[in-house]
Number of protein chains: 2
Amino acid sequence: MNAALSDRVAPDWIALDWGTSNLRGWAMRGGEVLATANSTAGMGTLTRAGYADALATLIDGWHVAPGTPVVACGMVGSRQGWCEAPYRAVPCTPMSSQMTPVNDTALNVHIIPGLRQVTPADVMRGEETQIAGFLALNDGWDGVICLPGTHTKWVQVSAGEVISFQTYMTGEMFALLSQASVLRHSVQGDGWDSQAFDNAVEEALTKPEKLAARLFSIRASDLLENTPPDTSRARLSGLLIGAELAASKPYWLGTNIAILGAAETARHYGRALQTQGAAATIADAARMTLAGLTAAYRQMKDTI
Amino acid sequence: MNAALSDRVAPDWIALDWGTSNLRGWAMRGGEVLATANSTAGMGTLTRAGYADALATLIDGWHVAPGTPVVACGMVGSRQGWCEAPYRAVPCTPMSSQMTPVNDTALNVHIIPGLRQVTPADVMRGEETQIAGFLALNDGWDGVICLPGTHTKWVQVSAGEVISFQTYMTGEMFALLSQASVLRHSVQGDGWDSQAFDNAVEEALTKPEKLAARLFSIRASDLLENTPPDTSRARLSGLLIGAELAASKPYWLGTNIAILGAAETARHYGRALQTQGAAATIADAARMTLAGLTAAYRQMKDTI
């Protein structure tokens, strides 16, 4: 049951992080968070006609006036999303006043476009908002930003612009190998063997050409030596992150590094980089997303 | 309905290739195949109590006398199989008279043990039988045998013994990435772009440390350049096989190579090796399996 109308949260504007699997909303007054709401109505579960309803359901408990500004980022702007927000080409600032308005709703919804790179071909949607948030909070910052996740991004930032970026499927590979491959029998549980992780990162970085030969050995070590699942799981993660660091070395070597990620994943990346003598600043991804959405809202308000 | 008893196939012995997903049987008279039978009653679908029934169902149409010898290879001999056939340690011949008898059946079932390697830890079950079959048909052959599949094996053979081997998850990775990852949107269909395959093999072998950076570009190229799925699919396969060849180079460089595999996969491996100036003999995996099971049966008959 909803609260009485007078008790309800009444936002000036709404911030949305609308990805493939999840939808997260913030009821905002200026830069202040009045309330948050989450749902599993991600792009992957919706047809184009379903977005307006999914949003209405998400904010059902709030008192939202018609025409309230809504700023959204993520896969909601993809070709299969609510409304395609065409990619902007790098080099460019992570954010511009160029947002895509959505028409089939009584709210004033705008979607932040993703970024594309021609050579090598690459795309991002959502990360540009986190980068803009990080730069809004760290004025004048130059260096390389790592955004670990299902598809980890390494992004070169200079003078407020995204210069180049590169995507790695490390998170998705870990999920597939640990849940759907023969390795699933050997890596269950929540434990963690830091030494096994460090060793695997080192192995992958020292001999990256051997990676393909090392994955099955996780299963064989379990069968022949009863290797504990904590060790196997940390080793799998270390091999994959190590392979990513081997490939992304031209990005991170000898420069400022910031990691924008969820707590555990960001920590693993930070530790892996540390074993290579590279220090990184870690910032919370959700906080950066909200900072970026807030920056976009302010820009939109100034533009309107 | 079964044929009249007098019309039924009456084998001297039965050969079984019993893997994780499939069960394949041959009704044999000496070295002659009287009939074949297939079912999906693989190890993955059975409890220990279910094997005897699965076998009875498979051979239901044949006239099989109690006590008929049955020789089986594959995951049927694993810890989760019908009866564990403990691994033999390399270096050793791919086959010995040491087989594991099964008790809960009226037939005289024997399981061929797999092989294990202590350092680096590795195991095989089923491939040892194909190797034995290949050596039975190619007396005195020395070199390296590649057995491509879900878990591809590279096996060093000398003077009739398996000296060492290494397993690669290339087939399983291709299946997971092409069916369950974000790349699935870009690699559908049956077509094949040989040039894209060759280029990808070359890229992976020249810069194996870059592999992690190349996978997502398959998706990005589709999104930004409408790369055809045939090209993307061949490229994914080429990158993974190329990564395997980079890691297995000490095995295949400058030696005799035989590929025992199913037609299409074996051809891809052969082509990839050819681009590196390495020629390989290709032999059909199912034929080698039967040759190996036949060799095991002859050995068993001599021993009894």
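Which side chains meet in a salt bridge at 2.5 Å, N to O? In this predicted model, the side chains of Arg271(A) and Asp198(A) do so. A salt bridge here is a side-chain nitrogen of Lys or Arg within 4 Å of a carboxyl oxygen of Asp or Glu. The pair links distant parts of the chain, 73 residues apart. Arg271(A) lies in helix H8 (residues 263-275) of chain A, and Asp198(A) in helix H4 (residues 194-206) of chain A. Helices (H or I, at least four residues) and strands (E, at least two) are DSSP runs, numbered from the N terminus. Asp198(A) is buried, with a relative accessible area of 14%. Arg271(A) counts as partly exposed, because its relative accessibility is 36%. Buried means under 20% relative accessible area, exposed over 50%, and partly exposed in between (1.4 Å probe, protein chains only).

Residues are numbered from 1 along each chain as its sequence is written, and chains are lettered from A and ligands numbered from 1 in the order in which they are written. Local features need pLDDT of at least 70, side-chain atom pairs count only at pLDDT 80 or more, totals for chains, interfaces and linings use all residues, and side-chain values use heavy atoms, with hydrogens and water left out.

Over all chains, the structure holds 10 salt bridges. One of them joins Arg214(A) to Glu203(A), with the closest N and O atoms 3.2 Å apart. This pair also links distant parts of the chain: Arg214(A) sits in helix H5 (residues 211-225) of chain A and Glu203(A) in helix H4 of chain A, 11 residues apart. Glu203(A) has 25% relative accessibility and so counts as partly exposed. A network of salt bridges links Glu203(A), Arg214(A) and Arg235(A). Asp222(A) forms a salt bridge with Arg219(A), where the closest N and O atoms are 3.2 Å apart. These two residues are 3 apart in helix H5 of chain A, so about one helical turn separates Asp222(A) from Arg219(A). Both Asp222(A) and Arg219(A) are buried.

Elsewhere in chain A, helix H2 (residues 127-137) is mostly covered, with 9 of its 11 residues buried. Among the buried residues of H2(A) are Glu127(A), Glu128(A), Ile131(A), Phe134(A) and Leu135(A). Thr294(A) is found in helix H9 (residues 285-303) of chain A. Thr294(A) counts as buried because its relative accessibility is 9%. Its contacts (heavy atoms within 4.5 Å) include Trp13(A), Met28(A) and Gly31(A), not counting residues up to four places away in sequence. The C-alpha atoms of Thr294(A) and Glu32(A) are separated by 9.5 Å, although the two residues are 262 apart along the chain.

In chain B, strand E2 (residues 23-29) is mostly covered: 5 of its 7 residues are buried. Two strands pair if DSSP finds at least two bridges between them. Strand E1 (residues 13-18) of chain B is joined to E2(B) by 6 bridges, and the two run antiparallel. Ala15(B) has Trp26(B) in E2(B) as its bridge partner. A hairpin of 4 residues connects E1(B) to E2(B). On to strand E3 (residues 32-39) of chain B, E2(B) makes 7 bridges, again antiparallel. Here Ala27(B) has Ala35(B) in E3(B) as its bridge partner. E2(B) and E3(B) form a hairpin with 2 residues between them, and Gly30(B) in the turn has a positive phi of about 60°.

The interface comes next. Contacts involve 40 residues of chain B and 40 residues of chain A. About 3300 Å² is buried between chain B and chain A, and carbon and sulfur atoms give 72% of this area. Buried area is the accessible area (1.4 Å probe) that two parts lose on being put together, summed over both. Met169(B), Phe216(B) and Leu224(B) supply 19% of the area that chain B buries against chain A, more than any other three residues. On the side of chain B that touches chain A, H5(B) gives the largest share, 10 residues.
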